[in-house]
Amino acid sequence: MSSDNPSLPATPLPRVGQQTAWRDFLSFTRQRGGFQLGLAIVALSLGLAVFGPHIGPYPTETALPGMPLQPPSWRHWMGTDVSNMDIFSRVIAAPRIDLTIALVSTAIAFAGGVALGVISGFFGGGRGVPKLLSEGIMRAADIIQAFPVFIFALALVGFRGPGTENVIAALAFLNIPYFLRITRGAVLQVRERPFVEAQRCAGNSEWRIAFVHVMPNALTPPLANISPTIGFSILLTSGLSFVGAGVPVPTPEWGSMIAIGAPNMMTGQWWTALFPGLVLGIVILGYALVGDGLKEFLDPVNKR
Amino acid sequence: MAPILELRELSVSYETQGGARAVLSKLSLDVSAGEALGIVGESGSGKTVLVRSILGLLDPPFRTDHGTVVFEGRDLRQLDEQSFRQLRGGSIALTTPEPRKHLNPLISIGRQIVNVLRAHQTLAEQAARTRTIELLRAVGIPDPERRLAAYPHELSGGMCQRVIIAMALAHQTKLLLVDEPTAGLDVTISRQILDLMHELAVSHGTALMLVSRDLGVVAHYCRRVAVMYDGRIVEDAPVEAFFAGPAHPYSRQLLRAAAASRGKRGAEKRVDALAEPARTGCPFRPRCPVAVAACATAVPALQQVAAGRRARCLRAEALLRQELAA
Amino acid sequence: MAATLLQVSDLTKIFPVGGGHQLKAVSEVSFTIRRGEALALVGESGSGKTTTGRCLLRLIEPTAGHIQFDGVDILAQTQRQFRALRPRMQMVFQEPYDSLSPRMRVGRIIEEPLRMLPELDAAERQRRALEVLGMVRLGRAAYDRYPHQFSAGQQQRIGIARALVTRPDLVLLDEPTSALDVSVRAEILDLLSDLQAELGLAYLFISHDLTAVRRVCQRVAIMYLGRIVETGETEQIFEAPLHPYSRALLSSVLYPDPASRLSRYVLTGEIPSPIDLPQGCHLASRCPMVEPRCRSAYPPMDRFGEGRSVACYRAQEMRALGGLTTH
Amino acid sequence: MSSVRLLKYASRRLALLPVQLLLVSLIVFVLVRQMPGDPTFLYTGPFATTERVAEVRKQLGLDEPTYVQYVRYLERIAYGDFGLSMRTSQPVVADLRQRLPATMELILYAVVFSVLIGVPLGVYTAIRSKGALNRGVFVYGMTSGALPDFWFALVAIFIFFYKLHWLPGPIGRIDLLISKPQNISGLYTVDALLTGNWPALASASGQLVLPVATLVFIYMSLVLKNTRSAMEDMLRSEFVTYARAAGLPRLMQWRYALRNAMPPIITVTGILTWFLLGGAVLVETVFAWGGLGQYAVQSVVNSDYAALQAVVLFSAVFTMVIFLLVDLAYFLIDPRIK
């Protein structure tokens with residue numbers, strides 16, 4: 001075993017139960033500033049999704065009296081937009097819709113992608129109906145991924161009409177092949193490991209082996225990709241809303257706020273689009289950081 | 001004969017998050033010119049790290065903390081990168097286990113050998129090609145002219161090992177480090193490879209340092225054997241004397257384990273063969289059937305126990321006497 | 001003489017490899033295992049020994065042939081019917097860690113095969129699991145732990161415990177020590193020998209490690225490119241093999257004793273590709289004893305004394321070469 | 001010898017293309033049928049008589065079974081008939097032909113610069129795994145992936161156009177006062193260069209800077225990160241370690257590693273192009289670029305279904321061609337592929 005690479009003496013350290021896993025996680029987190037930052041951002045974004053629309057100083061969907069396009073001040077921390085709506089209140093209210101879309105669509109994509117990934121990975125190379133199923137799933141995924149993501153999302157929403165449900169459906173649909181591939185890749189590796197054959201010797205049926213024995217061991221990669229996918233979905237939602245194909249105005253949503261502010265950027269009212277985009281970027285960064293951290297934490301190679 | 005390689009108190013550690021862990025502990029060893037030395041050890045004994053540290057190939061998290069590696073009078077650890085590079089693949093060469101993984105998969109084997117030749121001497125392309133064909137023929141690859149264009153995936157494991165040997169012996173190699181020569185090869189093929197390696201080494205006057213977990217290989221292809229346990233040499237003896245009766249209890253366990261028949265266990269104390277090395281005292285103590293209280297106090301020194309034999313055990317002489325009596 | 005437990009006749013497995021080519025991994029392999037007997041299936045890569053083993057447990061469906069287990073033709077059964085026999089035929093795998101479900105506790109891993117015996121209740125399953133843990137010299141404490149908390153040798157013992165929990169008649173040992181270090185390997189081999197004697201188990205021991213085979217098995221079958229070339233009592237074959245391939249293989253073994261010099265018997269070249277093998281003896285291209293008839297038809301298995309068979313036209317002449325050991 | 005091998009492989013790979021096209025067209029066909037309500041009303045208006053509706057349905061072929069409609073649809077696209085755009089009242093094909101070069105010019109420059117900067121930077125940071133540049137690249141990699149490209153474009157416009165006046169504003173591909181270069185390839189910079197039309201070249205280049213810089217900044221990290229990790233893997237590989245043990249010079253070790261890192265780098269370049277086709281949609285919108293992306297957006301906003309359908313179909317075909325090229329390049333590099 002030590003033949004190909006100099007390696008450490010294999011010392012199986014005692015690691016019992018959940019408590020140690022939790023302690024491992026804490027000590028891992030303590031050593032990584034980026035991961036901590038990511039967790040903080042994610043927590044904050046989730047908090048705002050729940051409370052954001054209620055804690056802002058001004059209403060989020062109605063114009064205030066007075067001059068529009070006020071620059072940032074003590075009264076309006078991020079200024080006001082062309083309809084004289086308070087940008088700060090709207091920016092912190094936006095996670096409600098953006099995160100709902102991202103979380104729901106990612107959850108659907110995860111469930112669908114993992115299930116299909118297990119089937120296509122485990123039964124690929126077999127025979128009969130399961131093999132056909134597996135092949136069919138893969139071909140379908142190939143074809144869906146032949147379309148550039150944003151264009152396909154745009155088209156889905158374009159044909160079905162704008163609206164939150166349609167954005168969720170589009171994102172879920174687009175992300176299924178992604179989780180499918182990740183899961184399938186992991187399943188293809190796990191299925192070659194001898195414990196699968198051992199389960200056959202133990203009299204398990206193929207479906208039971210696939211979902212009871214193989215799937216739990218193939219979940220790490222798709223789990224680690226949940227967080228970045230949420231970030232990516234937020235990005236896509238804002239992009240769709242930016243061109244008017246996503247969340248309709250005046251619902252506070254980062255992409256549509258940037259769209260509202262876009263013309264003002266060329267005439268010098270920089271705060272209109274800058275702040276929503278900056279917050280959007282920070283939130284996505286947070287989800288990416290959490291994803292990277294989890295990937296590293298869950299990767300057995302990095303353990304010790 | 002004067003040694004060409006002298007390791008003195010070589011210490012290598014592995015950096016982990018929980019602090020450094022010793023992989024080699026003050027390891028001292030000589031290899032004489034033209035001799036065949038076998039290094040035996042199990043996983044984690046540090047034998048592969050030993051090979052890599054001689055060639056200066058250890059990257060972080062491995063770190064050489066201490067000691068000297070003197071080759072032909074020069075301390076390799078003080079050598080600049082350029083001179084060391086000339087030495088690698090020149091005077092000191094390496095053969096690896098799982099040869100196919102160690103060849104560049106996207107370049108033809110002819111080109112790879114030519115690259116090695118030209119890294120060490122100024123050689124025109126045509127001359128390098130001619131020399132490559134000679135080398136391939138010398139290592140018994142049939143139809144070498146045609147094989148120049150072959151890629152590693154088109155060759156069997158045995159053929160890839162021959163290519164590696166051809167590269168290793170392309171120059172005036174003084175010392176050939178052979179890492180696990182039989183890993184990943186079938187029985188009949190590995191025997192062919194060992195014969196070839198042995199033959200070439202003898203005809204070139206090359207010293208062999210053969211690292212293996214297989215005691216059979218060492219018994220048949222080496223003159224001297226050094227046993228490693230937990231980063232240390234625990235026994236160093238001529239092959240005949242060693243296999244007739246080892247002086248260290250670990251060597252005795254290894255030998256008994258490798259035998260084709262079970263043998264009698266005798267009245268020996270039952271011990272846990274899987275126990276971890278001890279952190280204080282003699283590291284082998286938890287697995288040792290003949291340990292005494294004194295073994296817990298300090299790591300025993302590697303002492304002369306008979307002519308040309310050293311062992312790191314307080315009870316070595318007692319063991320040897322018993323063995324000789326039996 | 002004990003009763004026949006397993007009888008394999010003319011077992012053949014062909015894999016299509018595309019382009020109309022065939023890989024005949026196993027061709028017309030026949031052998032028997034008696035109750036309580038350990039038979040070794042020995043060969044180099046491509047010999048078909050692993051495929052043969054997989055076919056016996058129907059992890060791979062053979063192309064042709066018959067397998068009788070305790071009088072039952074198992075190939076005539078559906079996979080569902082065969083499940084009733086599975087508890088009596090179990091398997092130990094090569095990679096100790098990888099053959100255990102990493103996210104299950106040892107107790108659950110060992111009890112998993114007992115799902116096939118629905119008459120056992122939870123308490124009885126646990127009792128059985130603890131019993132086999134004891135047999136493989138792991139304590140009760142192992143029951144609640146995870147596989148990664150054990151060393152490779154201990155993991156392999158867990159694998160053995162799992163194979164024994166259904167109280168099988170036959171255990172297939174697939175290179176059980178190849179991934180282990182020398183001293184651990186000896187532990188496992190000795191444990192396997194002890195268990196065989198205690199429980200009256202029959203083993204099919206698949207291995208390329210010839211010293212391990214010699215240490216454990218009473219009989220040996222040597223395979224080359226999908227065919228059994230020689231079978232017989234272990235010591236007989238190791239002392240004086242009669243097939244040129246067996247002789248070359250066994251004379252390549254390096255015993256850990258510098259004084260043991262075997263008379264070398266060297267074949268030319270390397271093992272050819274197992275795809276589209278020509279008719280005739282598979283060794284013909286490498287054999288120093290080759291004759292024209294070797295290339296036209298595969299030699300039949302001829303009997304040479306009690307339990308000894310060799311598939312070589314010139315086995316008689318091989319006998320004249322005498323034993324392998326020279327002093 | 002090797003060209004025969006390539007031809008064989010290429011023809012086998014090309015044979016897949018029709019099947020893929022068929023499936024893609026099927027998806028688009030299904031997509032179009034996602035439209036809420038009856039498309040007939042788009043043509044008749046909401047207050048048409050029942051007879052009128054039936055007549056239009058018949059004209060549109062909507063009274064026939066679905067599979068017949070699909071076959072009709074295939075026939076039409078086989079003849080390049082994508083219908084009329086309701087917004088421009090032109091045949092969709094003519095619209096596409098007009099707008100395609102704009103998008104291609106944008107993507108071409110973005111790919112070229114991403115590779116020219118990303119690959120060397122990735123290789124360098126893999127070899128030198130410490131230092132300020134490495135930390136900078138790490139931070140860049142994290143942030144660039146998180147920022148929305150359309151927002152980045154707006155901020156860039158604010159800084160370089162509004163504040164600094166260094167670069168022209170978002171008014172399309174060329175200054176309104178400068179005449180377009182003679183149409184040869186459709187790429188303004190190339191055509192201007194070929195015809196020696198220097199004012200057009202200067203203006204077209206200037207207009208390109210911000211959109212291309214935006215795309216490169218946002219999407220180059222894909223190339224950079226993948227190059228670095230592929231290169232790191234290869235530098236750690238057994239064969240590079242062995243090359244070191246055999247005394248090959250550093251440069252040669254790096255060449256061994258880079259050559260083996262090429263397949264993933266080529267793949268990621270393909271993925272980058274695929275991504276850029278999507279990314280260009282938003283950036284084009286910001287810069288009023290007048291390319292395919294902006295056309296797609298306008299089609300969505302104006303419910304111009306014929307146009308939208310054609311863009312989607314084209315983008316998929318474009319992707320398939322890109323990945324076909326990636327496969328061929330892969331094949332040329334790796335002798336192990338049969």
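The following exercises, with worked solutions, concern a predicted model.

**Exercise 1.** Determine which strands form the edges of the open sheet of eight strands in chain C.

*Solution.* Begin with the strand order, which is 6-7-8-3-9-10-13-12 in chain C, with mixed pairing. Next, look for strands that pair on one side only: these are strand 6 (89–92) and strand 12 (302–303) of chain C.

**Exercise 2.** State which strands of chain C helix 5 of chain C lies across.

*Solution.* Helix 5 (residues 152–164) of chain C lies across strand 6 and strand 7 (170–174) of chain C. The angle between helix 5 and strand 6 of chain C is about 175°.

**Exercise 3.** Describe the side of chain B that touches chain C.

*Solution.* First, count residues: 31 of chain B are in contact with 30 of chain C. Second, list the elements of chain B giving two or more residues to this side: helix 7 (187–204), helix 8 (215–221), helix 9 (239–244) and helix 10 (249–258). Helix 10 of chain B gives the most, six residues. Finally, classify the residues of this side of chain B: 15 are nonpolar, eight polar and eight charged.

**Exercise 4.** Find which helix of chain A gives the largest share of the side that touches chain D.

*Solution.* The contact involves 39 residues from chain A and 44 residues from chain D. Helix 6 of chain A supplies the largest share of the chain A side, ten residues. That side divides into 27 nonpolar, nine polar and three charged residues.

Technical notes:
Residues numbered from 1 in each chain as written. Chains lettered and ligands numbered in written order. Predicted model: local features only at pLDDT ≥ 70, side-chain atom pairs only at ≥ 80, totals over all residues. Pairing = 2+ DSSP bridges. Helix = DSSP H or I, 4+ residues; strand = E, 2+ residues; numbered from the N terminus. Contact = placed C-beta atoms within 7 Å. Axes fitted to C-alpha atoms, helices over the stretch in contact; angles between N-to-C directions. Nonpolar A, V, L, I, M, F, W, Y, C, P; charged D, E, K, R; others polar.
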